[in-house]
Amino acid sequence: MAEPVIAGRAPIGVEVEAGKTYYWCTCGKSAKQPFCDGSHKGGEFAPLAYTADKTAKVWFCACKRTAGQPLCDGAHKSL
Ligand code: FES
């Protein structure tokens, strides 16, 4: 499997809405980080659906190395 592009070295905070689904970019190529903009097409990656269970600010992974996709687990600190 190809390595995703490092889109950023800090998480991206987003106010999510309870019950709404978001499509997190797994390939790192999207210009609309942390979400998919279709740039993965033709490659091995596909976006990951994330449905918010509450309305709150959450921190999406931008380095694409988190073990807790799609949220930051601090993996960017060791890149
Ligand atoms: S643009 Fe990265 S997964 Fe779609």
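Mentor: Let's start with E44, whose side chain reaches the backbone nitrogen of A2 at 3.1 Å. That is a polar contact, meaning a pair of N or O atoms within 3.5 Å; within protein, one must be able to donate a hydrogen and the other to accept it, and residues adjacent in sequence count only if both atoms are side-chain atoms. Before going on, bear in mind that this is a predicted model, where local features need pLDDT of at least 70, side-chain atom pairs count only at pLDDT 80 or more, and totals for chains, interfaces and linings use all residues. Residues are numbered from 1 along each chain as its sequence is written, and side-chain values use heavy atoms, with hydrogens and water left out.

If you skip its neighbours within four places in sequence, E44 is in contact (heavy atoms within 4.5 Å) with M1 as well as A2. E44 itself sits in the loop between strand 2 (21–24) and strand 3 (48–51). Strands here are DSSP runs of E, at least two residues, and helices are runs of H or I, at least four, all numbered from the N terminus. As for C72, it is 28 residues from E44 in sequence and 22 Å away in space, C-alpha to C-alpha.

H40 belongs to that loop between strand 2 and strand 3 too. H40 counts as buried because its relative accessibility is 17%; buried means under 20% relative accessible area, exposed over 50%, and partly exposed in between, with a 1.4 Å probe and protein chains only. Again leaving out neighbours within four places, H40 is in contact with C27, F45, A46 and P47.

Now for the strands on either side of the loop. Strands 2 and 3 run antiparallel, joined by 4 bridges; DSSP has to find at least two for a pair.

Of its 79 residues, 38% are buried. Among contacts with a separation of 6 or more, 58% are between residues 24 or more positions apart. The C-alpha atoms fill a box of roughly 35 × 30 × 20 Å along the principal axes.
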